[in-house]
Amino acid sequence: MAAALEVSSLSVSYGPVRALHDVSLTVPDGAITAVLGGNGAGKTTLLRAISRTLAFHRGAGTGSIRFGGIALDGLGAARVVAAGVVQVPEGRQVFARMTVADNLRAGALGRRDGRGPGGRRASAAALARVHALFPVLADRAHQRAGLLSGGEQQMLALGRALMAGPRLLLLDEPSLGLAPLMARRIAQTVREINAAGTSVLLVEQNAAIALRLASTAYVLEVGEVALHGPAAELAASDEVRRRYLGVVDEDAANDAVRAEADAPRLRGWTP
Ligand code: ATP
């Protein structure tokens, strides 16, 4: 499969703080690629570099980022959206005082097909699709976005990104802070969006969700790629299971418990 997104040797710093070092990854055309890692691993920084929003956070980087053969480095953030690369930031950032409908309208401003009749038709089709995916956004179109529940705000943040007609969605921890049922619902929607032809780069701390959705995954540790490979292989790897899926290595745990139980006897033993 041809690469939709190709990140090569990306390094990023915020002043003296080094956040990413020599990171390379690809998102194949039509695929879901996941990036896993704990707090501060550099996941959000990676998305900021791709969406060209690093400068808003006083960050700067080196390396190359290409999407569909176009070099994104050097473009402004709005041109990246127009090229079809749209980020859904962490933390359900909706315009709280604007209505749901106006939030979605704002998402359409970044469309590459402009505001002529063609663009208006495409926006109307995108709105119909968003309403089909998330009927609640049609039901609550005229309410302020700040009144929606956390899960509904995440739907709105996703819906707003879809209004821009993305070819690649950059998702920053879409399941963060959501109840398990809502997190599964969002994951299912990401699968549907991908099945309709949009490639996805998914950043997640929730490795269980990410590895089920993605075909390929990368593990970031302190700003570097520590592991990468097919998601199914990573999900089966002992290291990933132990560190990211919370699966305990039973033999090692048994040995530790036995050693602890033997300790008083051994401490009291004299030859
Ligand atoms: P989390 O899951 O906690 O959001 P993350 O994997 O997304 O973490 P980043 O937010 O990319 O990690 O942070 C990577 C490193 O860069 C961290 O050491 C963080 O403190 C630092 N960092 C992030 N943003 C800034 C900033 N605007 N200024 C200075 N340092 C920053």
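**Figure 1. Helix 7 in the lining of the largest cavity.** Helix 7 provides the largest share of the lining of the largest cavity, 4 residues; helices (H or I, at least four residues) and strands (E, at least two) are DSSP runs numbered from the N terminus. The model is predicted: local features need pLDDT of at least 70 and side-chain atom pairs count only at pLDDT 80 or more, whereas totals for chains, interfaces and linings use all residues. Residues are numbered from 1 along each chain as its sequence is written, and side-chain values use heavy atoms, with hydrogens and water left out. The structure holds 1 cavity of 30 Å³ or more. On a 1 Å grid over the protein atoms alone, a cavity is a set of points where a 1.4 Å probe fits but cannot get out, and lining residues have an atom within 4 Å of a point. The space in the largest cavity is about 50 Å³, a volume being the space filled by probe spheres set on the points, which are joined across faces, edges and corners. Among the residues that line the largest cavity are Pro-174, Ala-183, Ile-186, Leu-202 and Glu-204. Two or more lining residues come from each of helix 7 (180-195), strand 8 (199-204) and helix 8 (207-213).

**Figure 2. The largest pocket.** A pocket is an open set of grid points with protein on both sides within 12 Å along at least five of seven lines. About 580 Å³ of space lies in the largest pocket. Its lining comprises 24 residues, of which Val-81, Val-86, Gln-87, Pro-89 and Arg-160 are the closest to the pocket centre. Strand 6 gives the largest share of this lining, 4 residues. Domain 1 (1-84 + 166-250) and domain 2 (96-165) each contribute at least three residues to the lining; the domain bounds come from an automatic or database domain assignment.

**Figure 3. The largest nonpolar core.** A nonpolar core is a set of buried (under 20% relative accessible area, 1.4 Å probe, protein chains only) Ala, Val, Leu, Ile, Met, Phe, Trp, Tyr and Cys residues joined through side-chain atoms within 4.5 Å. The largest such core has 47 residues, and those with the most contacts inside it include Leu-137, Leu-156 and Leu-158. Its largest share, 7 residues, comes from helix 6 (residues 150-163). Because domain 1 and domain 2 both give residues to this core, it lies between them.

**Figure 4. Surroundings of Leu-158.** Apart from neighbours within four places in sequence, Leu-158 is in contact with Val-88, Phe-134, Leu-169, Leu-171, Ile-186 and Ile-193, contact meaning heavy atoms within 4.5 Å.

Methods. Buried means under 20% relative accessible area, exposed over 50%, partly exposed in between (1.4 Å probe, protein chains only).
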